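Please open the model in your viewer and keep the sequence panel beside it. The tour below goes from one selection to the next and says what is there.

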Amino acid sequence: MSSMRPGSSCSCSSSLASKHYSKDPPLCKCGVEALLRISRTVEHYGWRFWGCRFYQKDKKDSGCGYFEWFNDDDEKERVIRGQRMKIGELQAALDATRSELSSALIELKLKKKEVKGMKRDAIQGIVWRNILSILCLLMFALNLYLIRV
């Protein structure tokens, strides 16, 4: 099951990759899960690959020699799916926020009309009080005039 990129060789200079991956690791020839490693060779520096868990750089014949390049396309697809899901969640949150804002705007317009009505009523009340005050003063003045005549 060893798949190598054209022109590549398996000179094992590597470090462990700490990045999480979407699929279960393959099993090496020892029957255990292979480790995701990062190549440190000049030719393939930074490329990720699956390697035997028991491989030790300084010991010849350590591990089973399992080697398989990591398929970055699968990982990219997983990331893209995750981003699409996140976009869907964000779109749903945006739609909900728009709906809430629309409702709040309608409520604000209703409150604005209510306040205008209250202002109008208050102004009308002041006008009527002033008119009544003026009428009272006129009646008082008329009474004084009638008393003198």
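Begin by selecting lysine 116, which counts as exposed because its relative accessibility is 54%, where exposed means over 50% relative accessible area, buried under 20% and partly exposed in between, with a 1.4 Å probe and protein chains only. This is a predicted model, in which local features need pLDDT of at least 70 and side-chain atom pairs count only at pLDDT 80 or more, while totals for chains, interfaces and linings use all residues. Residues are numbered from 1 along each chain as its sequence is written, and side-chain values use heavy atoms, with hydrogens and water left out.

Lysine 116 has its place in helix H1, residues 72–148; helices (H or I, at least four residues) and strands (E, at least two) are DSSP runs numbered from the N terminus. Zoom out for the whole chain, which has one helix and four strands, running β-β-β-β-α from the N terminus on. Of its 149 residues, 17% count as buried.

Patches are made of residues with over 30% relative accessible area and no salt bridge, like charges being joined within 9 Å and nonpolar side chains (Val, Leu, Ile, Met, Phe, Trp, Tyr) within 5 Å.

Next, select arginine 120 and aspartate 121, whose side chains meet in a salt bridge at 3.9 Å, N to O; the term means a side-chain nitrogen of Lys or Arg within 4 Å of a carboxyl oxygen of Asp or Glu. Arginine 120 counts as partly exposed because its relative accessibility is 48%, and aspartate 121 is also partly exposed, at 46%.

Then move to isoleucine 123, which lies in helix H1 and is exposed, with a relative accessible area of 54%. Together with Val127, Trp128, Ile131, Leu132, Ile134, Leu135 and Leu138, Ile123 makes a nonpolar surface patch of about 790 Å².

Finally, select residues 126–147, which an unreviewed UniProt entry annotates as "transmembrane region", although such annotations may be inferred rather than shown by experiment. In the model this span is 100% helix and 0% strand, and its end C-alpha atoms lie 31 Å apart.

Definitions and conventions:
Areas by Shrake-Rupley, 256 points an atom, 1.4 Å probe, with all protein chains shown as cover.
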